[in-house]
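User: Hi! Could you walk me through this model with me? I'll just ask things as they come up.

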Amino acid sequence: MKKVFLFILVFLALNDLYAQSSNKWCATQLTDDMRDEFFARRVVNKARREAMKSASVMQYVPIKLHVVRRDDGTGGIELQNIWDNLCEMNETFNLHDIHFYVVPDINFIDNTDFYTWEYGGGEGDILMENYNVSKNVNCYFVGNVTGICGYAFFPGTGPSHSGVPNSEGGMVLINGCIGLGNSTWQHEMGHYMALAHTFEGYGGGWGFPENVARTGPNANCSFAGDGFCDTPADNMPDRWNCPYMGTELDANGDAYEPDPTLYMSYADDVCTNRFSDSEADAMMDALIGDRPYLLSFEAADPNLLPITESIVTYNPVSSAPSNYVEFKWNQVTNADFYILTAMRTSGSTIDKLIVTTIDTFYTAIDQFSFGNNYKWNVKPMQKANTCYLASPWVTFFANPPIIITPPSAIEENMGYDDFSIYPAINTNNEAFTIHWNNASYADAMITIYDAHGSMIDITHQPIGQGNTELNWNVAKASNGVYFIKINAGTLQAVRRVIIH
Ligand SMILES: [Zn+2]
């Protein structure tokens, strides 16, 4: 029992801080008991690990994205930085049979306290307690903090959430450290899958220093430092730039030669690009053994058929009413969903719109401000491939708003439950269908109003119980919002529809 408790303690203590300028945080000493427990696992799991490796089966791992912004919705990470970074991350992890895929939708958390977080303030833990989605790698993107790029929880540690105690953890990532060429996400993912720093044990930290020697009586690489013999002894527990120019000797007089290409070192991002084979084995071991729930969430066969068509934006082209903007684009074969982004050309993130949708259109109501210029684009997305390019930005001007509220006398009668019209959003100029669930009324007067409340059509037609095609030429109607009022005897009802 004592050993189990100590084992948990050591992982709690490993909760990582990836410092940009100075790293004094990972100063927890590893007792002999703790260290023995940690490395014993790798010995015990060796056979399973090697079986996994020889099977070479790609493991698909779901990532849930949580974008933290200020209360007013500003400050969120530029999503393209997430897509670029994830694209690079998959290139590396694919070499080791791990492939990450995005679970839509993106969770936006508008909370200034969380956005302007401080490490040690507990905000990261509170985020995970409140927002973690079970059976996903929960990644939180927050505002910049000086000297820190992020932290992750080792397997078996982290705050409780949804009644699951001490469970699935996650990671907090700083916006400024995410994007093409950055390695923080890869580094934290390494911790999340049980990897220690390559310099662990050097000048503090847990464990004890690893000797430079790989073989012979001075070799201790299998149980000192990070516990891996294919990662050289590392004497650089602070940010450093490659190549290594130091001359320091270890206790046996051997010269350190730390490897700046390893993600789990503190070498600058531009230097890092890989995990060692032993590190990769340990990550797979952690995935299968410690985090199997990640592999049970969704059928592990994400769509990876290539997207070859370009995405084309149709509307708006140059201007639109500020309170009613209809976005349209083409359907792209093999896209799982689309991400529409619209924002001011001035660079302000006020009015910024981000929509995740499986449709090829979106109507933004009351989203933009009259008198401003905006740009927008659409990115075709696959859950398992975020590398596809978005459409070029298109700009539009926000015109004065239009009135889209119908006369109040109509609005009051929205309610008759047994009357419906579909499709509610008509994109193919098909005839509307009226569904009427009252056998008593055979003759109806149907009035159609535009978004301004002006009557544009009126028709009498018999309505039977069930479905009836509405006598209105949709193809001649311009795109927009319409209100269809039906009067049948003493019953009256109104439904709002959209024609694209
Ligand atoms: Zn770290």
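User: Which residue is the bridge partner of E326 in strand 13?
Analyst: The partner of E326 in strand 13 is T363. Before we go on, this is a predicted model: local features need pLDDT of at least 70, side-chain atom pairs count only at pLDDT 80 or more, and totals for chains, interfaces and linings use all residues. Residues are numbered from 1 along each chain as its sequence is written.

User: How many bridges join strand 10 to strand 13?
Analyst: Five, and the two strands run antiparallel. Strand 10 covers residues 324-329. Strands here are DSSP runs of E with at least two residues, helices are runs of H or I with at least four, and both are numbered from the N terminus.

User: What is the strand order in that sheet?
Analyst: The order is 8-10-13, an open sheet of three strands with antiparallel pairing. Two strands pair if DSSP finds at least two bridges between them.

User: And which strands stand at the edges?
Analyst: Strand 8 (313-315) and strand 13 (361-365) do; each has a single partner strand, so one side of each has no neighbour in the sheet. On average, neighbouring strands are turned by 20° against each other, direction ignored; the axes are lines fitted to C-alpha atoms.

User: Switching topic: which residues have the most contacts inside the largest nonpolar core?
Analyst: F141, V142, L173 and M283, in a core of 55 residues. Such a core is a set of buried Ala, Val, Leu, Ile, Met, Phe, Trp, Tyr and Cys residues joined through C-beta atoms within 7 Å. Buried means 20 or more other C-beta atoms within 10 Å of the residue's own, exposed means 12 or fewer, and partly exposed is in between, with C-beta atoms placed from the backbone. Helix 8 (residues 277-289) gives the largest share of this core, six residues.

User: What does F141 touch?
Analyst: Not counting residues up to four places away in sequence, F141 touches H66, V67, V68, I77, L173, N175 and I178. Contact here means C-beta atoms, placed from the backbone, within 7 Å.

User: Where are the cis peptide bonds at P104 and P423?
Analyst: One joins P104 and D105, with omega about -5°, and D105 lies in the loop between strand 3 (98-102) and strand 4 (107-110). The other runs from Y422 to P423, with omega near 0°. P423 is in the loop between strand 16 (419-422) and strand 17 (425-426).

User: Last one: is N429 buried or exposed?
Analyst: N429 counts as exposed, because it has 12 C-beta neighbours inside 10 Å. Its phi is near 55°, a positive value in a residue other than glycine.

Methods:
Contact = placed C-beta atoms within 7 Å. Axes fitted to C-alpha atoms, helices over the stretch in contact; angles between N-to-C directions.
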